[in-house]
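Open the model in your viewer and have the selection tool ready.

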Amino acid sequence: MQADELLVLVADGDQRAFEDLYTLVSGPVYGLVRRVVRDPAQSEEVAQEVLLETWRSAARFDPGRGSALSWILTLAHRRAVDRVRSARAAGEREQREALRAGETAFDQVAEEVEAGLEREWVRRCLKRLTDLQRQSVTLAYYDGYTYREVAERLSLPLGTVKTRMRDGLTRLRQCLGGAA
């Protein structure tokens with residue numbers, strides 16, 4: 001059965017006809033939406049909305065004005081364009097609000113660069129510790145061990161580990177203070 005015949009049956013509430021129509025047009029609908037929206041997840045969402053709209057508004061289809069596939073693809077194109085416009089408008093609103101509030105827009109690249117520099121600075125400061133201090137600090141802060149577990153892993157008394165940690169953290173704080 002062709003899409004035109006199926007859509008007429010769908011307009012009468014025939015669920016089986018809708019299943020067949022869905023199978024027939026879901027690929028072209030998704031393809032068209034994907035070309036406009038580009039984001040796969042949003043494209044799936046928009047395609048789903050289009051097929052739901054097809055179910056709900058099938059009675060508005062007029063076979064004298066064109067084919068069912070053209071009608072459905074027109075719905076898909078309009079929805080996809082609306083989604084792109086909506087996303088663009090939301091981005092512009094956020095930028096205007098940020099400018100109005102005197103804030104700069106979030107710059108992900110700058111944030112990543114800054115985080116990378118901070119990580120590198122911490123690595124440099126860790127290298128300035130003694131091997132014993134670095135080992136204790138690394139086990140506690142990067143591997144998540146408690147002071148008692150660090151003492152067990154290093155076969156040292158708990159008090160010795162606490163002293164190494166305190167001295168190591170003091171040196172780290174001094175080193176990182178120079179980073180600011």
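Select R38 to begin. At 63% relative accessibility, R38 counts as exposed, a label that requires over 50% relative accessible area, with buried meaning under 20% and partly exposed in between (1.4 Å probe, protein chains only). This is a predicted model, where local features need pLDDT of at least 70, side-chain atom pairs count only at pLDDT 80 or more, and totals for chains, interfaces and linings use all residues. Residues are numbered from 1 along each chain as its sequence is written, and side-chain values use heavy atoms, leaving out hydrogens and water.

Now check the backbone. R38 is not a glycine, yet its phi is positive, about 75 degrees. Its loop runs between helix 2 (15-37) and helix 3 (40-57). Helices are DSSP runs of H or I, at least four residues, numbered from the N terminus.

Next, select S155. It sits in the loop between helix 7 (147-154) and helix 8 (158-177). Phi is positive for S155 too, about 55 degrees, although S155 is not a glycine. S155 is exposed, with 65% relative accessible area.

Last stop: Q133, in helix 6 (residues 131-142). Is Q133 buried or exposed? Buried, at 9% relative accessibility.

Show what surrounds Q133. Beyond its neighbours within four places in sequence, Q133 is in contact with R164, D167, G168 and R171; contact means heavy atoms within 4.5 Å. Zoom in on R171. Its side chain makes a polar contact with the side chain of Q133, at 3.4 Å. A polar contact is a pair of N or O atoms within 3.5 Å; within protein, one must be able to donate a hydrogen and the other to accept it, and residues adjacent in sequence count only if both atoms are side-chain atoms.

Note on methods: Helices (H or I, at least four residues) and strands (E, at least two) are DSSP runs, numbered from the N terminus.
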